[in-house]
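Please open the structure in the viewer and keep the selection tool at hand.

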Amino acid sequence: MNNRLFKTLALLPLYVLTLLPLHADEGMWTLFDLPEVVYNEMQREGFQLPYNELYYGENAIKNAVVNFSGYCSGVVVSPDGLVFTNHHCGFEAIRSHSTVEHDYMLNGFYAKSYEEELPNEDMFVSFMIEQQDVTARLRQLGLNRLGKAGKAALIDSLQNAMTDSIKKIDATLRIDIDAFYEGNKYYATTYQDFTDLRLVFTVPKSMGKFGGETDNWMWPRQTCDFSVFRIYANPKTNGPAAYAKTNVPYRPKHWAKVSMDGYQDGDFAMTLGYPGSTNRYLSSYGISRMHMENEVRAQARGVKQEVMTKHMRADEAVRIKYDSKFANSSNYWKNSIGMNKCIDSIGLIQQKRDFEHRIQAYIDSTGYMRDSLEFNRLEQLYAKSTTARHDFLYLTESFWRTNEFTRRAMNGTKNEDIQGSAKNPKKQYFVYGDDQKTWDEALDKEVLAVALKNYREHIIDPDNLPSFYKTIETRYNNDYTRYVDDLWKRSILMKPGKKIYFNRKQFKQDPGYKMGMELLDIYKKNRNLLSALADTIADQERYLCAAKLRMEQDMPHYSDANFTMRLSYGQVGGFDLGGKPSGYYTTSESLLDKMKQGDKGVIDYQAEPIMHALMNIDDCIPYVDRRTFQLHLCLLTNNDITGGNSGSPLFDGKGRLIGLAFDGNWDSLSSDILFDHRLARTISVDIRFVLYMMDMWGHADRLLKEMGVK
C-alpha cells in the first residue's frame, strides 16, 4: 500500500470504523486518494488484492477499465483488446450498421475474423492513466477571486498548459481538469484515447434488450445486456491511431480475467467505471427543482414516444432509424417517473431540510461559513428561476430532440451545418441530402405537430410563446398537423440537394428559418435569466457542501459523480421487495416464463425460437452455477452506481470479472440524490450468461479462446 496517498488511520476516531460497515455499499470513490479506512473496510469484506493492484503499476485493475465513447463504461477482457460493454451502450453502433437486408439490431452480429469487424465513426475508449489534486495550484493562480467565466478560463488555461507539458513526454496523452465536491476541489486526470473501435459481437435485440421498457429499472431481470468491441492501434507503436485498414488489435498492459466460479449471497463485489452525475450534496431547494424537471421530462417525452412507437411498429425501416433515439428518450423518461416516486415516498425533500437545520445549528455554534451560506437566499434564488427553468426545459424537450425539421431550423439560425467557403460568408451554405438514413418524414411531422401543441398547453409564462403560435391560431385554426404540413411544403429546409445560402434575404424569410429564430430567441432569453442566477446558486451550493464536509470532518467523504473513474464496493444480495425477499439472481427458467408471456402478445418479452431452445438446454456446463446447478442470468449487489456506469465491470474479491452492471432498481431511483441503503441495488448481467450466449448462440470460439475461456 502507498501510505503517502492516505490519511493516517489513527487520525480517524474509532466510531468511524464502527459506522463504516453500515455504509459499505455507498460511495463513488476516487482511486488515487482512496481513504485508508475505506480500503481496510474493503479488505474486511473480502477484497483480497493489495492497493497497488487497484491503481498503481501495469497490472492495476483500473488499467482494464475504460470510458466508453463518453457516455458509458467498459472493460478490456483479452490480450488483443476485446472490450465488453452493455448492449445499450453499443446500441447506436449496432443500429448504424443495420439495414432492412442486414438487420444486426434484430438478428445480432458476429465477426468471424478481424477483417469482418466493423469500424465506427465518432466512437472511442479512454484509459485513465493517473489523477492528481490541483486545487492548491488553481487557488494560487487566483481561482477563488474569479466569477464563473473567469474560473472556466483559468481552468482551461491550466488544463492546456498541463496537456502541452505531458504531450512532450507522450503525444497520445491529454489532461482534463474537473470540479469535485461542488467546486471545493479540482483534480487533473490524464487520459489516453483510442478512436479506432470496431464492433465484434452482439446478440439480437430480443436478448440484449429483453424486457424493453416493461422491465427497464425493474427486478427481476433476464436481460443479456452486453456487446463486444475491439480496440485497434498503430501497428508500430501499439498506441492510438485514426482508423486505418493497416491498424492491428491493441495489446493492453492489463486485461480482466473472467471467472466461472460465480458468487454467493454476501460475497464481496466491486465496480469500477464512469458514473455520470449524482447530486447528493444538493440542497432541498435544488431537489424541489429537480422534481419539477422530472415532471416536465416525463410528460414531454411521453407524448413524443407514443408517436414514435406507432410508426416504429408499423415499419421495420423506421424502427431501425429510431431504435437508438427511442431507447435514449425512454430510458430517462422512465427514470424521471421513478425518481419522483421515490422522492415523494420517502419524504426526501423534508429529510434534506431537516439536515440543513443541523448544518445551520453547526454554523451558529462554530461561526464557520456564517458570512457565506444563507439558506433564505438560496431559497429565493431557486424560486426566482423556477418559471424560466420550467419553460426552458419544455422548450428543449419539445424541439431539440427526435425532430429533424427543428434541428435544421435551429442549426440554420446558429450557422451550424455550414459548407462552402470558410473565408467568404456570401458563399457559405447548407445542403441536406435525401437519404433519410436517420429520420422518417411521416414520423417527423407528427412528432413536431404533437410537440407544438404540448408546448403551448404546458408553459407557464405566456411571454415564452413564440409569435408563430398566433399564426397557427388565426391562419390554421389551431390545426397543428395542417401547419406542419404547410411548413414542410413552404420551407426550403426540407428540400433535398438544395443549396441554402443562409446570408440571403430570401432564406431569412423562410418559414422554417423564422420558426427557428423565434425558438432560439425564447431559448436565449430564458438561458440568460438562468445564467444570471447560476453563479450565485452554485456558490451557495458549494458553501453548503463545504459546511457538510467540515461538520463531518472525522468521516471519509466521496465527491458527487462527474464522469470520472470511481470505485464502488459492496456485497452480492437482494432486498425486501413488497414484503418478500427479492432474491439475488435470476435463472433461465424465469426467462422462459416471460417468453411464454411474449408468445401471448407481450411485445417486450418476445424472442426467436432459438432463444427458447437455448433456455431449455439442461447441459450448460461450464456455464451452469456449481452450487445451484442452474444457468444464472442476472444478479443483484448493493454497489453504488448511476448513469454512465452502464457497462462497468463487476469484480469479485480476487479482482476477477463476474458481471457487467447495466441498471439500478426502480425502488431506489432517488439514490442519485440520497443513497438508500435498504433498497438501492445494482443489476448486472452474469458473465457466465454472456459467455453462454457467445458460445451457444454465436459459436464465437475464436473470442472465447482469446479470453482464455476455452
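Is Asn464 buried or exposed? Select Asn464 in this predicted model: the residue is buried, with a relative accessible area of 1%.

**Stop 1: around Asn464**

Asn464 belongs to the loop between α14 and α15 (468-474). Now display its surroundings. Apart from neighbours within four places in sequence, Asn464 touches Asp391, Tyr455, Ile459, Ile522, Lys525 and Asn526. Asp391 deserves a selection of its own: 73 residues separate Asp391 from Asn464 along the chain, yet their C-alpha atoms are 7.1 Å apart.

**Stop 2: helices α12 and α14**

Asp391 also takes part in the contact between helices α12 and α14. Select residues 375-399 for α12 and residues 441-458 for α14; the two axes come within 9 Å and cross at roughly 170°. The helices are therefore roughly antiparallel. To view the contact itself, show the side of α12 formed by His390, Asp391, Tyr394, Leu395, Ser398 and Phe399. Their partners in α14 are Leu448, Ala451, Leu452, Asn454, Tyr455 and His458. Colouring this contact of α12 with α14 by class gives seven nonpolar, four polar and one charged residues.

**Stop 3: helices α16 and α18**

Next, select α16 (residues 480-490) and α18 (residues 511-551). How do these two helices pack? Their axes are 8 Å apart, at an angle of about 120°, so α16 and α18 are oblique to each other. On the α16 side, the contact is made by Tyr483, Leu487 and Arg490, and on the α18 side by Pro511, Gly512 and Met515. By class, this contact of α16 with α18 comprises four nonpolar, one polar and one charged residues.

**Stop 4: aromatic rings**

Turn now to the aromatic side chains. Begin with Phe268 and Tyr569, a stacked pair whose ring centres are 6.5 Å apart, with 15° between the planes. This pair links distant parts of the chain: Phe268 lies in strand β12 (residues 268-273) and Tyr569 in strand β15 (residues 566-571), 301 residues apart. Phe268 and Tyr569 are both buried.

For another geometry, select Tyr584 and Tyr585, an edge-to-face pair with 5.0 Å from centre to centre and 80° between the planes. Tyr584 counts as buried because its relative accessibility is 19%, whereas Tyr585, at 25%, counts as partly exposed. The cut-off for burial is under 20% relative accessible area.

**Stop 5: charges over rings**

Select Lys334 and Trp666. The charged end of Lys334 sits over the Trp666 ring, 5.8 Å from the centre of that ring. Continue to Arg550 and Tyr368, where Arg550 lies over the face of Tyr368 at 4.0 Å from the ring centre.

**Stop 6: cis peptide bonds**

Which residues does a cis peptide bond join, with omega of about 5°? Select Trp219 and Pro220 to find that bond. Pro220 is placed in the loop between α8 (212-215) and β10 (227-233). A cis peptide bond also joins Ile621 and Pro622, with omega of about 10°. Pro622 occupies the loop between α20 (609-614) and β19 (632-637).

**Stop 7: positive phi angles**

Remain in the loop between α20 and β19, which also holds Phe629. Phe629 is not a glycine, but its phi is positive, near 60°. With a relative accessible area of 66%, Phe629 is exposed.

Finally, select Glu182, in the loop between β7 (173-180) and β8 (185-194). Glu182 is likewise a residue other than glycine with a positive phi, here about 60°. Its relative accessibility of 30% places Glu182 among the partly exposed residues.

Note on methods:
Residues numbered from 1 in each chain as written. Predicted model: local features only at pLDDT ≥ 70, side-chain atom pairs only at ≥ 80, totals over all residues. Heavy atoms only, no water. Axes fitted to C-alpha atoms, helices over the stretch in contact; angles between N-to-C directions. Helix = DSSP H or I, 4+ residues; strand = E, 2+ residues; numbered from the N terminus. Parallel < 35°, antiparallel > 145°, perpendicular 65-115°, else oblique. Contact = heavy atoms within 4.5 Å. Nonpolar A, V, L, I, M, F, W, Y, C, P; charged D, E, K, R; others polar. Phe/Tyr/Trp six-rings, centres within 6.5 Å; stacked < 30°, edge-to-face > 60°. Buried < 20%, exposed > 50% of the residue type's maximum accessible area, 1.4 Å probe, protein only. Lys NZ or Arg CZ within 6 Å of the ring centre and 35° of its normal.
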